[in-house]
Each structure stands twice: as structure tokens, then as C-alpha cells.
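Please keep the viewer open while you read.

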Amino acid sequence: MIDRTPPGQLAALWLIGRRAAVESMQDRLTLLMSMFFAVVLPIGLTALAVRPRIADSGASGDVLAFYLLIVGLAPAVSAVGIAAGQFAGEKERGLLTPLLASPASNFAIFGGKVLGSIIPPLLYAAVAEAVYALSIATLLGPERLLLLPPILSVGMLLLVPAVTLFGAVTSSLISSRVRTFNAAQQVGGLVLMPVWGALLGVVIKLRDWGPAPLLGAVALLVVLDVCLTIVAAATWRREEVLSHS
Amino acid sequence: MIEAHGLRRLFGQHVAVEDVSLTVAPGALLALLGPNGAGKTTTVRMLAGLLRPSAGHATVAGCDVLAEPAAVRARVGLMTDSPGLHDQMNARAYLDFFGQMYGVESRARRQRIDQLLELFDLQRVASRRMATFSKGMQQKVALARALLHGPRVIFLDEPTSGLDPLAARSVRELIVGLKNDSRAVVLCTHDLDEAERLADSVTILRHGRIVASDSPSALRAHASRETLVQVTLAGDVADADRLVARIEGVVEPKLHGKQLSYRTLYPDQANPSVIAHLVGAGAQVVSVTCTTATLEDVYASALEVAALP
């Protein structure tokens, strides 16, 4: 007989999340695309978009902050695809059943999969922000970094994990209730597009409205994230996944 | 080890499984047979604690599938119909992950993984990405995953599907080893020969219902108690069929060249008499072959009967 002590809920959640994150980061195509968003895009935007605008209109912290968000969000958006792959993709390829057959609870499986969907994008987003800061320091001069408005910048930086989690949880909920990865991507896109559109609208209007609406949007998104995650984790059932397979 | 009574499972309005009852003792193997969509996988999923039965009850490895599904999952091993491996991982890391999920202690886990990799002849490729594995190697890793935590009850869904004959034989030998180790095994298969060779009992499902269930020999006897006898003669013997037709117990004798065939319920009495009559008539008997109903005949017959209105 083999000695066994099944892991607790949080330990199982972490095991599943870590494995899902590693698996996703080992996929060469995803890695290549993510590295493009994390390294090439920030350098390119700084050189081709930020530098000319700052040169034209003088030193503008808003412009720097705006691109801070764009640079962070570009790799973070991949959370939707990763989450769709974690549920619908794995179900389609028959990878999910062995995990569903394990003693892990519904909460641990769902939470682990969501965690695994947000770890890689957040890591790439962090790299992208760092590369962006380095690019500004190198191409425009380190003093330009001081132009970043603190409140606005913190708001932009908080928006990245909030959007990532929102995308991942929404996509997880949808993808565990549809049959195919493609369906998960399409439905997820349809649901998330208006939310992202509204957010982008707020960000574009920053100059006119000031940082308050942005901070309000961040707060609203965080509250939405918490509610959605709790509801999703409490209602997700492995049975439902198997019923749709 | 497995006791199920009146299991039923609905998916919306669709009845996937209806009134399935079965028992598997320690050291016994039950083969679940049936066409695609017959309810085999749903039955296994209910017994393995993945799906909640809509009605009925079952006890697996001492745990109630309705009240303690997580405890059932922790005590059973399930090999799914597709290997379900993560391409980017290597076999050792994959098995280690599942060992952790089942709570196998770190040292025991390492030893167990080494043991299984050796058993399945996978040590040399244990550090390779599983994307490069053949179907047979993938099946072996999936089987190793199901056995990793030493379950006393094992569900195997098409374990030899896609394997070459030698690999399939080694998996069958392993299954026999599991039985001999007093584990209860449920085997879903389309390979009737495999079921006949390995199973202590066979349950045939159709449209979610059991249409036949017994030991392979009892099912064969039930399907047809007649034995088909084929006698090969050295030369043409005219009227051999008419000669044996008079013998008691010989049914429908037919002669095709040097081949004489007939059916009988009592081969012990009829065959010696037939041979004696043939030799007495100057015939030379080259061989006598007796064939009883196969599990394939039973399967076909059970499904045909079930299809009748």
C-alpha cells in the first residue's frame, strides 16, 4: 500500500495553477508571441509612437502613462486565450478528464486553471512594463520617467491585473460550458469586447476627464473580479464539463 | 469492491444509462462491452466519482459514490479512452504532478515513478517531451498514471487501443497481474477476444441498458449450446453426410468436397460415433475441429435481441 496524504484545497489549487502556467509557457508559439508583446512591442512603441509625440507636443506624462497601459495590456489579453485553452481546449483534446478524475475539489481545479491562465500574462506584462521603462530611459532619457503622473500610472498598472483576471475568469466560465476551443474564443470575445471598449474609451478620454474615471473603472473592475471569481468558483462543476463533452 | 444498483444517468432529457447494476469482487475483472454510445463511459464515470448518478446507488472501494465522490476518486485509478497527456511535459514530470495530486509522499512517489517507468520500459524516454511519443508510449504513460497511487479499484477504458501486438500483450499481462494482486478491474473494450481472455464476467450494454451479463462461458452457453463440428477427410467420400445423418444427436450434416460439417448438442457422444461410422465406411479422417459460440456471437446476438421491438 502506498502512503498518501491528499493535498489540501489551496495546495491542490497551487499545484494545478503552477503546472498550467508552466505548460502554457513551454508552448513555443505562445512563448514567441508573448516575447514579441513583452519585448519588441514596448521598444517599438517607444521609438515609433511615444518619441515623435513627445517631440511634437513637448513633455507629456499622459502620453507616457497611456502607453504604459497599452504595453501592459497587450500581453495580458492573452489570458483569455490561455483560459479558453485550459478548459475548452483541454476538453477537446481529452486532457481534462484525468484531472477531473483526481481527488482535487471543483474549487481547486477551477481556481488552479484560472491561476494558471493569469500567471504567464502577468509575468509577460511585468517584463513589458520593465522593457518600456528601460526603452524610455534609453531612447528619451531617464529624466522622462519622472514625468509619469504617479496616480495615473498606478491606476494604469492596477488595470492590467484587473483586466487580466476579468478576462481569464470570464473566459474560464464560458469555455467550461462550450464544446470547442473556437467556440470559447468566439463567445469570450463577444462578451469581453464591450467591456474592453468601454475601458479604452475611459483611457482615451483621460486628458479631458482626469484620472478619477480611470480609478473608478479600476475599482469597479476589481469589485467585478472579486464577485465573478467567487461566483464562478462556487458554481463551477466538473459534472458540467463532462456533460458538455 | 464495486457494488452498483439501479444506476441511472440523464443528460437533460437523454437517458445515457438506465438501471445498471453490477458487482466486481477483489481480484475479478468485469468487461463492459457495447457499441459506441452504449453508456460504458458514463457508467465508469459514475463509478469513478466523476458523474453523480441521477438515480441508484453504488459503493466503490468502500465509499459511497453519491456521498463521498472525492474519496472514491482518491481510491480508484482511471485510464481514460484517450491518453490525455500534456505534450509539452515529459513523462516523469507528468507522473510526478499526478502523484502530488493523489498525495503520494515525495520519496514514495519517486520510487513508484521509477518502478512504473521500468515496468513500461519508458526509462530511456522519461525526460523527453511527450509530444514525441508514439500512441503506444502514450497509452503506457496513461496506464502508469492510473496505477501511480496504488488503487485497489481500476477502470480501464480501451487500454490496448492503438498498441502494437507485443505492447498490447504486455498490457494484458499487466492487467492479469492486477487481478492476481486482488485488485478489482473494470475494462471497457471493443476487443471481444481481449474481453474473453481477461474477463471473469462480461456485461453488454445497449442504449444505456444491460442486455446481457454473466461469465463469458455462461454467456456462450446461453447463446448457443450447440457445437459446430468440422471433419476433414483424406479423400472424397460420397454420401458421408447421409451416413452420419442417421446418428443420434447429429444436426444438419453438410458435405463440401472433403469437408463434412454438422452441429450437435452432445459432442461427447456424437463425435466418436460419427468417426466410427466414417472409418467403417472406408473414410480416412484427417482432423476433427469443434467450435462453440464465441463471445462475438454472444455480443451480436445480445445486440440483435435487444434491437427487436
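Predicted model: local features only at pLDDT ≥ 70, side-chain atom pairs only at ≥ 80, totals over all residues.

**Chain A as a whole**

Let us begin with the fold of chain A. Its secondary structure comes to 11 helices and 0 strands, so the pattern along the sequence is simply α repeated: α-α-α-α-α-α-α-α-α-α-α. The C-alpha trace of chain A spans about 70 × 30 × 30 Å along its principal axes. How does the radius of gyration of chain A compare with that of a compact globule? For 245 residues the globule would come out near 18 Å, and chain A, with 20 Å, agrees with that. Of the 245 residues in chain A, 44% are buried. Among the contacts in chain A with a separation of 6 or more, 86% join residues 24 or more positions apart.

**A helix with a kink**

Now find helix H8 of chain A, which runs over residues 181-204. H8(A) has 24 residues and reaches 32 Å from its first C-alpha to its last, close to the 34 Å expected. Where does H8(A) kink? Look at Leu192(A): a kink of about 35° lies there, shortly before the proline Pro194(A). The buried residues of H8(A) are Ala184(A), Gln185(A), Gly188(A), Leu199(A) and Val203(A).

**Where the chains touch**

The contact between the chains takes 27 residues from chain A and 29 residues from chain B.

Sorted by class, the side of chain B that touches chain A has 14 nonpolar, 9 polar and 6 charged residues.

**Inside chain B**

The domain assignment of chain B gives domain 1 (2-221) and domain 2 (225-291). The C-alpha centres of these two domains lie 46 Å apart.

Helix H1 of chain B, residues 40-47, is mostly covered, with 8 of its 8 residues buried. Among them are Lys40(B) and Arg45(B), along with Val44(B), Met46(B) and Leu47(B). H1(B) is followed by Gly49(B), which has a positive phi, near 80°.

Terms used
Residues numbered from 1 in each chain as written. Chains lettered and ligands numbered in written order. Helix = DSSP H or I, 4+ residues; strand = E, 2+ residues; numbered from the N terminus. Expected span 1.5 Å × (residues − 1). Bend = angle between axes of the 7 residues up to and from the residue. Buried ≥ 20, exposed ≤ 12 C-beta atoms within 10 Å, placed from the backbone. Contact = placed C-beta atoms within 7 Å. Nonpolar A, V, L, I, M, F, W, Y, C, P; charged D, E, K, R; others polar. Domains from an automatic or database assignment. Rg over C-alpha atoms; globule rule 2.2 N^0.38 Å.
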